[in-house]
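Good morning. Please have a look at it before I start.

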There are 2 protein chains.
Amino acid sequence: MLVSEISEFELINRIQKIVSPQNETSIESIKKLGHDLVLSIDDDAAVFKSSHTSNVVTTDALVENVHFNLEWTTFQDLGWKSIISSQSDIASMGCKPTFATITLGLRPDLPVDGILQLYQGMSKACHELGGTIIGGDIVASETFFISVTMNGSLPIDHTERQILYRNKLLPGDLLCVTGTLGSSAAGLHILKNPNLMDFNSSMVKNLIESHLHPSSRVSEGAKLAKLGVKAAMDISDGLMTDLKKMCSSSNVGANIFLNQIPISPDLKILFPNDWIEFAVSGGEDYELLFSGNEKIISLAQKTLNTQINIIGKITSGKNNVTLVDSTGKSVVPTYNGWDHFKSQEG
Amino acid sequence: MLVSEISEFELINRIQKIVSPQNETSIESIKKLGHDLVLSIDDDAAVFKSSHTSNVVTTDALVENVHFNLEWTTFQDLGWKSIISSQSDIASMGCKPTFATITLGLRPDLPVDGILQLYQGMSKACHELGGTIIGGDIVASETFFISVTMNGSLPIDHTERQILYRNKLLPGDLLCVTGTLGSSAAGLHILKNPNLMDFNSSMVKNLIESHLHPSSRVSEGAKLAKLGVKAAMDISDGLMTDLKKMCSSSNVGANIFLNQIPISPDLKILFPNDWIEFAVSGGEDYELLFSGNEKIISLAQKTLNTQINIIGKITSGKNNVTLVDSTGKSVVPTYNGWDHFKSQEG
């Protein structure tokens, strides 16, 4: 069987079965060094405790022509985004970024100036949103790739319980999201189909900017944790995909109220028929998806300087994620790829 | 200017100038999270303190057809070696491996079984020599690559001063090495030139095994640190290259006594004219290069269950690394690549 014939989920599942048993004795000996493994898989980042500090670590790779295209992005934006996506995983655990290591696989025909601009973008993202680059490795490769490993931690006076996990969704809780959804996916769609759009339009520019230069919700994640939110994840693979992962981890279901999903005006105007598709199935908005009871959510909406929208409710229906339209009807996509939605009776 | 037109050293130098200034304010805010950056470049691993623990982190990437060849290596050996090389960087700081994250870039036509064997090799290396895999990322890539980020730490009761650094060589100290040198490079040479050798010979097999399935000196590194050794580095790029880096960091020089370099009998017999070249310029033996005064070295030779040889002496001649032959004459390589050595008068 080839890698192309198996899903990533299934491959990781098989890998876990190999890694986990041999891990156990290793973890015991690592305890003697003062570190305790709390969570190693099934979330945005792994969690370990060292003395009084709770630490998280996440790793993300960007590969040319898979995750980015040098015809569309500047090196500086590429560096920025490579850090943002890792910060976002740290933020979704309620932690702040600390130390990053960068591995680059470089084609020999890449411009040195480009690589320096890449690091300028990385440094800027660290400077503005947290974390610092402390090491790395540069190797030759026929395919250009960037691999970022980012550590993060809760402030010393926090407790382990204040880390935000995927598996803490509770039935009855409100499902919320920071910012707006779908703009990044729409920006990518425009970049892939330049004939569709006028690149001089500021609305088009805004959507493209959302894709090439997103932000990470670092301060929001830490604040939500302090307010008592327990469950969070960042939306990097799209609302539906990521919510399904959260529900599966938490053993619950969810209803999403389509008309409550926050959408930027630019997206609604430029894609009057497709905006909901971008919002539900698009990815790379790096917004936080989280839940809490009414009191906590109301407090969060009042205290955070960030738009927070209630977009659904957690249910006890295990792994059953349902989209509900404005008339109260549940809707399902007609086929793979979420190209369209169809009303479903009952 | 293209990446191919600049040395890795020069590229990293330019990157540092970009990263360092912006790092400063980030490091201040990270202090509030309870972490203190001790050393971020110029060694095998970066060092940071969290509460009472001194931590190190290193990252290494292996790229197909640059660092490995699937015609020569099994997936299991490849996984094993990818962990060993990271453990070795941790060992050379006097620390023990703790948490590893693995990023894989996979060609779609790679066999799933191979990837599982890769993880078997990784898990085995962690199990036998330390560390545990706690996370990672798997992405599609036209070029197969493996990126390992490994954390390590000193035991809680150790102090920061017991970390082994590259820049602690002192004039007058003895220069030592664990194990033997050159076997890995000779093994690679045989793999690249299969017509040269009989693959059924056990001597040939031993050298190839040295290249494909090396070990890391994890327990030795920690023991040397406890005995009072201050300066160490692992030999991954070859004795001469790595010693020059250490001397440059420490602002000292060194004399290497060629006839004292430990060589395996297999290497001497199979390559009667070239063994010294493999030992001095070959890489990937993952032995520890370290220094100390006579008392400490004598203690290390008595207490460690590992061959430790004195191969030279640290001098005050800044950055001046000299090879000395059995007659006491200094020798220099005739040209790039260390193909031959030539006696030098005086």
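A term to begin with: buried means under 20% relative accessible area, exposed means over 50%, and partly exposed is in between, with a 1.4 Å probe and protein chains only. By that definition A:Phe278, at 10% relative accessibility, counts as buried.

Some bookkeeping. This is a predicted model, where local features need pLDDT of at least 70 and side-chain atom pairs count only at pLDDT 80 or more, while totals for chains, interfaces and linings use all residues. Residues are numbered from 1 along each chain as its sequence is written, chains are lettered from A and ligands numbered from 1 in the order in which they are written, and side-chain values use heavy atoms, with hydrogens and water left out.

Now the rings. Two numbers describe an aromatic pair: the distance of the centres and the angle of the planes. Rings of Phe, Tyr and Trp (for Trp, its six-membered ring) pair if their centres lie within 6.5 Å; planes under 30 degrees apart count as stacked, over 60 as edge-to-face, and the rest as tilted. Searching the whole structure gives 7 aromatic pairs over all chains. In one of them, A:Phe271 and A:Phe278 have ring centres 5.0 Å apart and planes at 70°, so the pair is edge-to-face. A:Phe271 counts as buried, at 6% relative accessibility.

In chain B, the rings of B:Phe271 and B:Phe278 also have centres 5.0 Å apart and planes at 70°, hence edge-to-face. B:Phe271 is buried at 6%, and B:Phe278 is buried at 11%. Elsewhere, ring pairs join A:Phe68, A:Phe75 and A:Phe144 into a cluster.

There is also a charge over a ring, which requires NZ of Lys or CZ of Arg within 6 Å of the ring centre and within 35 degrees of the ring normal. A:Lys268 lies over the face of A:Trp275, 4.6 Å from the ring centre. B:Lys268 lies over the face of B:Trp275, at 4.6 Å.

On to the interface. How many residues of chain B are in contact with chain A? The count is 82, against 82 residues of chain A, where contact means heavy atoms within 4.5 Å. Of the interface residues of chain B, 100% are also interface residues in chain A, so the copies meet through the same surface. Between chain B and chain A there are 0 salt bridges, meaning a side-chain nitrogen of Lys or Arg within 4 Å of a carboxyl oxygen of Asp or Glu.
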